[in-house]
Amino acid sequence: MVRPCSIILGGGKGTRLYPLTKERSKPAVPFGGKHRIVDIPISNCINSGFHQIYILTQFNSASLHMHIAKAYNFDRFSNGFVEILAAEQTLEHSGWYEGTADAVRKNFQHFKTQNPTHYIILSGDQLYQMDLNAYLQEHIKSGAQITIATTAVNRQDASGFGIMKIDAKNRITEFMEKPAPDMDISDWIIPDNARTPGATKGKDYLASMGIYIFDAEVLEEALDNECTDFGKEIIPATLSKYKVNSYIYDGYWEDIGTIRSFYEATLDLTSIKPKFNFYDEERPIYTDIRNLPPSKLNNANMTRSTACEGCVITEASITDSVIGIRSKIEKNTQLVGTIMMGADFYETEKDIAANKKKGVPNIGIGENTRIRKAIIDKNARIGNNVSIGYGANPPEDGDHGSYYAVDGIIVIRKNAVIPDGTNI
């Protein structure tokens, strides 16, 4: 009997996604208005019939733990669970997780209680929809002891990934970590017989997606050392000892690890045919059910945009934007290319009166405000007559107190207060 055990890696500091990761781990970053990034790999597991799921966490993990506890509760008859395994001290080890491989090694005592035949290791911060059971069945059918999910990339992008060389039977013969842009790797091109039908022209190299399947005993043997990282150490060391195959995935996959990639992937959700499909009824993306009312649009104009539950939008114009839960947007406000993550709570009339007395804007966006090419984190307070993203001289990349700028994208911090009349 096949008994897969799913392990989702909770990620490190996520410095490239700062300041969205200042107070939360990368998998806990809100995505698409109502979800968290971690909902993607968890949903892939559930939709594939893998219901024994562990999430390994360490850095800024409080909000992630709270989200998991609220969102994922299996009934008592299913034998399913989503369980957090935070870094802990034991008699065998007393330090933090030192890397992806080290995190898995330190939790074997917990995994073994499920008596798994296979381990599937997933990243907690990637955007894709994969039938993981088809992946597992291909691993078993091929007779491989380790199978690495790969995706085809062009030469330019190859320099940002671990690159695989495979033979005619999809066996991985060599691995190279992030080849230099000027390095000749033409002999690493994907063999013609291994290319998937309709493969994109120019995507000639196989990049590791950081998604692995191990036979259970093989993973335990492979981690019987002091190596700390799968990509840099464990995988290269296994090629000569085990049969390691490539599973070529030809669907959409994005490592949303930077502000720009996060911004672009989120706004793509508003396109006519988004690359990532939240509307697949057979493979839904699960998340916390908040029991919020439907959004109320008071004479608002929305084009190529989405608004999640509980929003109140009054006489505003919104284009190419994603509006998160409980967002309040007042009259004569314009949003273009904006990601608004929403709010964790509604303010009461008493709160609003106190805000007015203190001269503090309410949570949300005030009147006569215009915002372009921005990410507005949770619970931000943006006043009246504010202009963001329309200045003649855009702010330099870096920290500016209540906001952060990177690649021409302005990120309004979580809980930030932007007073009336501010120009950014």
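Predicted model: local features only at pLDDT ≥ 70, side-chain atom pairs only at ≥ 80, totals over all residues.

Which residues touch the most other members of the largest nonpolar core? I found Leu56, Val104, Phe111, Ile121, Phe214, Leu219 and Phe230, in a core of 38 residues. Helix α7 (residues 216–222) gives this core its largest share, four residues. I then looked up the contacts of Val104, leaving out residues up to four places away in sequence. My list for Val104 reads Ile7, Leu9, Leu56, Phe111, Ile121, Leu219, Leu223 and Phe230. Another core, of 37 residues, lies apart from it, and Phe50, Ile53, Val153 and Phe161 are among its members.

**Entry 1: strand β21.** Is strand β21 largely enclosed or open? I see that five of the seven residues of β21 (residues 334–340) are buried, so the rest of the structure largely encloses this strand.

Next I looked up the strands that pair with β21.

- Strand β18 (residues 317–319) runs parallel to β21, joined by three bridges; here Ile318 has Leu335 as its bridge partner.
- Strand β19 (residues 322–323) also pairs with β21 in the parallel sense, over two bridges, and Ile323 stands opposite Met340.
- Strand β23 (residues 370–376) pairs with β21 in the parallel sense over six bridges, with Ile376 as the bridge partner of Met340.

I marked Met340 in my notes, as it has a bridge partner in β23 and stands opposite Ile323.

**Entry 2: cysteines.** How many disulfides does the structure hold? I count zero. For Cys45, the nearest cysteine sulfur belongs to Cys5 and is 9.6 Å away. Cys45 has 0% relative accessibility and counts as buried. For Cys311, the nearest cysteine sulfur is that of Cys308, 6.4 Å away; a disulfide needs the two sulfur atoms within 2.5 Å. Cys311 is buried too, with a relative accessible area of 1%.

**Entry 3: salt bridges.** The structure holds 14 salt bridges, and I looked up some of them.

Asp125 and Lys26 meet in one, at 3.2 Å from N to O. Asp125 sits in the loop between β6 (118–123) and β7 (127–128), and Lys26 in the loop between β1 (4–9) and β2 (30–31), so I noted them as 99 residues apart, a link between distant parts of the chain. Are these two buried or exposed? Asp125 is buried at 8% relative accessibility, and Lys26 is buried with a relative accessible area of 11%.

Asp187 and Lys165 form a salt bridge at 3.4 Å, N to O. Lys165 is in strand β9 (residues 162–166), while Asp187 is in the loop between β10 (172–177) and β11 (205–215). Lys165 counts as buried at 16% relative accessibility.

Arg304 pairs with Asp320, the closest N and O atoms being 2.7 Å apart. Arg304 is in the loop between β15 (301–303) and β16 (306–307), Asp320 in the loop between β18 and β19, so the pair ties together parts 16 residues apart in sequence. Arg304 is partly exposed at 43% relative accessibility, and Asp320 is partly exposed with a relative accessible area of 24%.

Conventions. Residues numbered from 1 in each chain as written. Heavy atoms only, no water. Buried < 20%, exposed > 50% of the residue type's maximum accessible area, 1.4 Å probe, protein only. Pairing = 2+ DSSP bridges. Core = buried A, V, L, I, M, F, W, Y, C linked by side-chain atoms within 4.5 Å. Contact = heavy atoms within 4.5 Å. Salt bridge = Lys/Arg side-chain N within 4 Å of Asp/Glu carboxyl O.
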